[in-house]
Amino acid sequence: MSYVDGFVIAVPNANRESFIKHASTFDAIFLEFGATRVQECWADDVPKGKLTDFRRAVQAKEDESVVFSWVEWPDKATRDAGMEKFMKDPRMEAASDCPFDGKRMIFGGFVPVVSLPA
């Protein structure tokens, strides 16, 4: 069964193009290490909630947009091996120069429980 890593971050609007370049570089590494698909989604219709919402989850500021991303893997074993390679890869040194505050990123790994064909 497939496995999914999910991410939510706040990116300064002024950094949109540098974020896209950054994501394209690092997402290609996920694919190189076994991921089957990567999606980076810039907020378009993200409403404010009464109790919680995406913006609050990452403490997004007025001049920031929420990015919702996921990496699909064929299975958890491939993900674990791929993430280990990813974290040890020398190209990761450039990740410290990311166009967003990584301390406010939320992320986690998920086992799909419902998956419908497109």
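1. The sheet is open and has four strands, ordered β2-β3-β1-β4, with antiparallel pairing. Two strands count as paired if DSSP finds at least two bridges between them. β2 (37-42) and β4 (106-110) are the edge strands; each has a single partner, so one side of each lacks a neighbour in the sheet. On average, neighbouring strands are turned by 15° against each other, direction ignored.

2. This is a predicted model: local features need pLDDT of at least 70, side-chain atom pairs count only at pLDDT 80 or more, and totals for chains, interfaces and linings use all residues. Residues are numbered from 1 along each chain as its sequence is written, and side-chain values use heavy atoms, leaving out hydrogens and water.

3. β1 (residues 3-12) and β4 run antiparallel, joined by five bridges. V8 has I106 of β4 as its bridge partner. Helix α1 (residues 16-32) packs on the sheet and touches β1, β2 and β3 (64-73). Contact means heavy atoms within 4.5 Å. The direction of α1 makes about 165° with that of β2. Axes are lines fitted to C-alpha atoms, for helices over the stretch in contact; angles run from 0 to 180 degrees between N-to-C directions.

4. The chain has three helices and four strands. From the N terminus, the elements run β-α-β-α-β-α-β. Helices (H or I, at least four residues) and strands (E, at least two) are DSSP runs, numbered from the N terminus.

5. Of the 118 residues in the chain, 36% are buried. Buried means under 20% relative accessible area, with a 1.4 Å probe and protein chains only. The C-alpha trace spans about 40 × 35 × 25 Å along its principal axes.

Definitions and conventions
Buried < 20%, exposed > 50% of the residue type's maximum accessible area, 1.4 Å probe, protein only.
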